[in-house]
Amino acid sequence: MHKRNISIYIILFLFIVASVTLMSCDDDSIDTKEDSLIQVQPQESKFYAHKGLAKYEPEIELHFVRETGQGLNELINHLPGETLEKNRWTELYKQMLGINIIYDWKAEGDVFSRKLGSVITSGNIPDVVWVNDQQLRQLYRAGLIEDLTAVYEEYATSFTKEVYTMEGSRLIESATIDGKMIGIPQIDSPIEKAQYIWIRTDWLEYLELAEPKTMNDLIEISKAFTFEDPDQNNIDDTLGLAITKHLWDPVMGITNFMAGFGAYPGIWIENEYGELVHGGVQEEVKEALSVLQNMYKAGILDDEFFLKDGNKVKKQIAAGKIGILYGEQWGSFVAGVSREQNPDAQWKPLPIVSVTGKEVKVPLKYNSNSYLVVKKGTTHPEAIMKMINLYLEKNWGETSEYELFYSTPYPVWQLSPINPYPASKNLDAFRQLEAVRASGNFAELEQEAKSIYENIIHYFTENNEAGWGWEKTYGVNGAFSILEQYIKNDSLLYDRFYGPPTTTMVEMKTILDNYIHDSYVEFILGRSMNEFDLFVEKWKEMGGREMTEEVNEWYQNQSENTVQVNQ
């Protein structure tokens, strides 16, 4: 980083220290006694006059199920006195809303998915549960979930409605069937899904290699990282490109590697005839898979990638054995685990590259695939709306306490069973930071941006390693600076389908998605590329043809509605 930028960080650090000191003198709203994680001050009640934030008296119970995993377990280990069942968020919901969170059961990963599938099939769902788009329509058709139209209209605060409509009506439309809002969609901003190449620059420097500008550059670098001993231990134990058994993982997946060949699996794109086609079965996919197959045969990819999930590949990164990964902006925190064993490990985000060296399109999914649904007959279907209101309020509203309820800097937001967020919050925070870096005016920062800046400052002034990932994401040359380039260059390719699941999607989408994924793995492992056309034809026969027709019927209706509005 340039010396001028470091000096700005230090100047602002002094402002922060002074501000925190002054605030701590008269801020006694948080009680740290073990028998009460949070003390709610009576004077706060003026902010909670809306019926969507009214407290239940007597208190009620709201039943959920919960997916757990290594990341959540590690988080809780950093928070003495807190558990999944009793923590700052469960206590806040209890004290402010009179809602007691009960988890009927918990499970990890694939076990959770299988058990949830069985529960949904049986119809014995908890009061509130997260489901995907197929499960949403399945439960609606079975009459097992509440119509939440009135709940949203009457109980969502104005701030909540603002958040849910930041990117237009598409989000709400994705949860609407027959004119009824049957679920509350997870806010999943497509622009936050933009990916980057995360690469070990210390390895580049040692091998005297330039940063990649084309796919060929990237493949050659991956080859060098594999065979030229970049960790200098005289052992053949390193790899270039990270890849997991879940090819579409947002970090360590291959979605944006394939984008470098003009292939866009997972999204619907418009062809030259103005029709929507599925990106996963187009001719460009064949070239991308052929290259991955050659990389696998050459030993450039892990020969057991199809057995390793993200956690296992992350351990390889931590051990200093991998030097390249594709991933979203939070990929910095995955790359950063390599610094635990080797503090000299350095990574840098770069724009994704294309086979031609020209500007590449970055694929972004538009529709949410997760929805909160409420079991039919639940006594208080509006309770989940109240929780959403409070979650948004305490993180980004007038009474926000971001550093207590969102990032400490540990991601304590994960303790809550629900976690909506303003769609552009991260990009907005970066833009605030850019403004401050130019002006030096600390007062311009809002709470989230301020917290991020503090993490970065502590990294530079105190060598606090927790700030390293934040700097790689939000710094001058961080991931979001690249996102700004993507936006400026019109490089973002949005999924053109964002409607509710079609009839064939409900029945076949999961099967079709799994078929594409598993076929890709087979091709990478050596299946003849001459069979690619057979793969595409089988996809069509399995329901892909009907699904494409239904998607285009929806697309035509959207176009007609747009014309009518503009007339």
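Is Gly279 buried or exposed? At 1% relative accessibility, Gly279 counts as buried. Buried means under 20% relative accessible area, exposed means over 50%, and partly exposed lies in between, with a 1.4 Å probe and protein chains only. The model is predicted: local features need pLDDT of at least 70, side-chain atom pairs count only at pLDDT 80 or more, and totals for chains, interfaces and linings use all residues. Residues are numbered from 1 along each chain as its sequence is written, and side-chain values use heavy atoms, with hydrogens and water left out.

Gly279 sits in the loop between β10 (276-278) and α12. Helices (H or I, at least four residues) and strands (E, at least two) are DSSP runs, numbered from the N terminus. Gly262 is 17 residues from Gly279 in sequence, and their C-alpha atoms are 9.3 Å apart in space.

Next comes α12 itself. The 15 residues of α12 should span 21 Å at 1.5 Å a residue, and the end C-alpha atoms are 22 Å apart, which agrees. That expected span is 1.5 Å times one less than the number of residues. The buried residues of α12 are Val285, Ala288, Leu289, Val291, Leu292, Gln293, Met295 and Tyr296. After α12 comes Gly299, with a positive phi near 85°.

Glu283, Glu284, Glu287 and Asp533 form a negative surface patch. Helix α12 (residues 283-297) gives the most to this patch, with three residues. Glu283 belongs to α12. Glu283 counts as partly exposed because its relative accessible area is 49%. Patch residues have over 30% relative accessible area and no salt bridge; like charges are joined within 9 Å, and nonpolar side chains (Val, Leu, Ile, Met, Phe, Trp, Tyr) within 5 Å. Lys and Arg count as positive, Asp and Glu as negative, while His and the chain ends are not counted. Each charge is placed at NZ of Lys, CZ of Arg, CG of Asp or CD of Glu.

A nonpolar surface patch is made of Phe306, Leu307 and Leu525, with about 250 Å² of accessible area together. Accessible areas come from the Shrake-Rupley method with a 1.4 Å probe; for residues, only the protein chains shown count as cover. Leu525 lies in helix α21. Leu525 has 36% relative accessibility, so it counts as partly exposed.

Side chains of opposite charge can pair when their charged atoms come close. A salt bridge here is a side-chain nitrogen of Lys or Arg within 4 Å of a carboxyl oxygen of Asp or Glu. The count comes to 21 salt bridges. One of them joins Glu507 and Arg141, with the closest N and O atoms 3.6 Å apart. Glu507 lies in helix α21 (residues 503-525) and Arg141 in helix α5 (residues 133-141), so the pair ties together parts 366 residues apart in sequence. Glu507 is exposed at 52% relative accessibility, whereas Arg141 is partly exposed at 49%.

Glu85 pairs with Lys106, the closest N and O atoms being 2.5 Å apart. This pair links distant parts of the chain, 21 residues apart: Glu85 is in the loop between α2 (70-77) and α3 (88-97), and Lys106 is in strand β2 (residues 99-108). Glu85 is partly exposed at 39%, and Lys106 is partly exposed at 41%.

Asp202 forms a salt bridge with Arg200, the closest N and O atoms being 2.5 Å apart. Asp202 and Arg200 are both buried. Salt bridges that share partners join Asp231, Asp237 and Lys321 into one network.
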